[in-house]
Amino acid sequence: MSAEASTDERAGILLVDDMEDNLIALEAVLGSLNEPLVRARSGEEAMKALLRQRFALVLLDVRMPGMDGFETATNIKRLDQTKDVPIIFLTGAEDDPAYAFRGYSTGAADYLTKPFDPWVLRAKVTVFLDLYRKNRQLERLLSREHDHSKELSAQVASLEERLSADAPPDMNDLRVRVHEIRRLIGKG
């Protein structure tokens, strides 16, 4: 489905790591998904990228100079614009086991140690891409439903106004308005 996704369903994946080799490895594993892969080499770059465009997912290294992964995740979850973007932490296998707990407590959706299994990473990322697309589809449906409801309310208000006027209502006009309301109800 990724290759056929429409432009607004295409979901960027933000890859955040200070090591070039790690970014290249992530791109090699995820390139076949045919989704935009955006690099950030620091937490600061990641935050700038997140404020410029929507992402379906962030793959975030824990250990980085400056703003580390935990601090970056905390900042991502703090902003209304980015708080719902899922984060998968990636860290070296030798890292402290408490890192996983800390990662989840900062709002991570998942936590993988390096070296990671490429198939597992691709499968997890695919799930988040599918969730992103389904959420976008739901947003569009809710928006259309909201617009439809507003139009129906306006038609009913107009009909009520005609019926409450001092002059006797024009029956042909009322029939047209009732027909329009029925059309809108049927459309919903």
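Two strands are counted as paired if DSSP finds at least two bridges between them. Helices (H or I, at least four residues) and strands (E, at least two) are DSSP runs, numbered from the N terminus. The model described here is predicted: local features need pLDDT of at least 70, side-chain atom pairs count only at pLDDT 80 or more, and totals for chains, interfaces and linings use all residues. Residues are numbered from 1 along each chain as its sequence is written, and side-chain values use heavy atoms, with hydrogens and water left out.

The sheet comes first. It is an open sheet of 5 strands, in the order β2-β1-β3-β4-β5, and the pairing is parallel. β2 and β5 are the edge strands, and each pairs on one side only. On average, neighbouring strands of this sheet are turned by 20° against each other, direction ignored. For such angles, axes are lines fitted to C-alpha atoms, for helices over the stretch in contact, and angles run from 0 to 180 degrees between N-to-C directions.

Strand β1 covers residues 12–16. Burial is judged by relative accessible area: buried means under 20%, exposed over 50%, and partly exposed in between (1.4 Å probe, protein chains only). Of the 5 residues of β1, 5 are buried, so the strand is largely enclosed by the rest of the structure. Both of its faces are covered. Gly12, Leu14 and Val16 are buried on one side, and Ile13 and Leu15 are buried on the other.

With β3 (residues 55–61), β1 pairs in the parallel sense over 5 bridges. Within this pairing, Ile13 stands opposite Leu57, and Val16 has Leu60 as its bridge partner. With β2 (residues 37–40), β1 is joined by 4 bridges, and these two strands also run parallel. Here the bridge partner of Val16 is Ala40. Ala40 belongs to strand β2 and is buried, with a relative accessible area of 0%. From Ala40 to Pro115 there are 75 residues along the chain, and their C-alpha atoms are separated by 20 Å.

β3 is buried as well: 7 of its 7 residues are, so this strand is largely enclosed by the rest of the structure. β3 also pairs with strand β4 (residues 87–92), in the parallel sense and over 4 bridges. In that pairing, Leu60 stands opposite Phe89 of β4. Between β3 and β4 the chain passes through helix α3 (residues 69–78), and this β-α-β crossover is right-handed. A crossover is right-handed if, with the strands pointing away from the viewer, the path from the first strand over the helix to the second runs clockwise. A right-handed β-α-β unit is also made by β1, helix α1 (residues 20–30) and β2.

Leu33 is found in the loop between α1 and β2. Its relative accessibility is 8%, so Leu33 counts as buried. Leu33 and Phe89 are 56 residues apart in sequence, and 19 Å apart in space from C-alpha to C-alpha. Asn34 lies in the loop between α1 and β2. Asn34 is partly exposed, with a relative accessible area of 39%. Its phi is near 60°, a positive value in a residue other than glycine. Pro115 lies in the loop between β5 (110–114) and α5 (118–163). The peptide bond that leads from Lys114 to Pro115 is cis, with omega near 0°.

The search for pockets used a 1 Å grid over the protein atoms alone. A pocket is an open set of points with protein on both sides within 12 Å along at least five of seven lines, whereas a cavity is a set where a 1.4 Å probe fits but cannot get out. Lining residues have an atom within 4 Å of a point. Grid points are joined across faces, edges and corners, and a volume is the space filled by probe spheres set on the points.

The largest pocket has a volume of about 350 Å³. It is lined by 16 residues, of which Arg54, Phe55, Asp84, Val85 and Tyr132 are the closest to its centre. β3 and α5 are the elements that give two or more residues to this lining. α5 gives the most, with 5 residues. By type, the lining of the largest pocket divides into 8 nonpolar, 4 polar and 4 charged residues. Ala, Val, Leu, Ile, Met, Phe, Trp, Tyr, Cys and Pro count as nonpolar, Asp, Glu, Lys and Arg as charged, and the others, Gly among them, as polar.
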